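Let's take a walk through a protein together. Have the structure open and follow along.

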Amino acid sequence: MDTIEKIKSKVRGYISEKRFIHSVGVANTAVYLSKIWGGNSGKLFVAGILHDVARDMSAEKLIEIAEKNGYRIDEVEYANPVLLHAPVGAIIAKSDFGITDEEILNCIRYHTTGRKDMSLNEVIIYVSDFIEPSRNFPDAERVRAIADKNLREALLEETYFNVCYLMNKRMPIHRRTIEMFNDFLKKELTKTQIKI
Ligand code: DGI
Ligand code: FE
Ligand code: FE
């Protein structure tokens, strides 16, 4: 694995300045949240810096890299290739930055859709992506305040916002997002003890 300074400078070659500032924001927010909720701050920082490494790639490039690496692209991803920047980001983190830690790679891989039974580190990156300082729309401000008090609630509110947004835009919702959301509600109803 490259050093964190090397990763930071190298990542600038993959994304715009604005996106880089967002990524540093996600890394710092993730470290901040880990002070409250736990998780591995070192891994979170690296995951935050790298999570959008593939975000500025064209749809064609994303599909090409995904296919070349044996990633099974589903129907929603083919129709909305931007979704692939997360799994392709994990592929690039491994091939170009030498990241082999599966926890870091999963944070990158699932940061856009989430998934059922996310690890604490995965939840922290997912929430940080939504609330980092350069996200200044009202719902980001609202979820930011919730994240300090209840990480589980922040995850739920963010997902609810995303699903509503996509529905209003008449966009298909990825199955991993739906599975995560439904599972959360199920756990709420049965009051099952969960870790986050
Ligand atoms: O990469 P960021 O902009 O920081 O944020 P992100 O990784 O959450 O990606 C947001 C993009 O992904 C945005 O264009 C909406 C899209 N997206 C997220 N979840 C879904 C989705 N698009 C579809 N069609 N379905 C989803 O479930
Ligand atoms: Fe992203
Ligand atoms: Fe992001």
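Predicted model: local features only at pLDDT ≥ 70, side-chain atom pairs only at ≥ 80, totals over all residues.

Find the iron ion (ligand 3). What holds on to it? Four residues coordinate this ion at 2.2 Å: His22 and His51, each through NE2, plus Asp52 and Asp129, each through OD. If you read along the chain, these donors follow the spacing H-x28-H-D-x76-D. His22 sits in helix α2 (residues 17–37) and Asp129 in helix α8 (residues 120–131), so this pair ties together parts that are 107 residues apart in sequence.

Now follow Asp129 into its helix. α8 has 12 residues and spans 16 Å from first C-alpha to last, close to the 16 Å expected at 1.5 Å a residue. This helix is mostly covered, with 11 of its 12 residues buried; among them are Val123, Tyr126, Asp129 and Phe130.

Last stop: ligand 1. It's surrounded by 16 residues, and the closest are Arg55, Thr112, Arg135, Pro172 and His174. Arg55 puts a polar side-chain atom 2.7 Å from an oxygen atom of the ligand. The side chain of Arg135 has an N or O atom 2.8 Å from a ligand oxygen, while His174 uses a polar backbone atom, also at 2.8 Å from a ligand oxygen. Taken alone, ligand 1 exposes 570 Å², and the protein buries 83% of that.

Notes
Residues numbered from 1 in each chain as written. Chains lettered and ligands numbered in written order. Heavy atoms only, no water. Donors = N, O, S within 2.8 Å, 3.2 Å for Na, K, Ca; no water. Helix = DSSP H or I, 4+ residues; strand = E, 2+ residues; numbered from the N terminus. Expected span 1.5 Å × (residues − 1). Buried < 20%, exposed > 50% of the residue type's maximum accessible area, 1.4 Å probe, protein only. Near = heavy atom within 4 Å. Polar contact = N/O pair within 3.5 Å; in protein donor to acceptor, adjacent residues only side chain to side chain. Areas by Shrake-Rupley, 256 points an atom, 1.4 Å probe, with all protein chains shown as cover.
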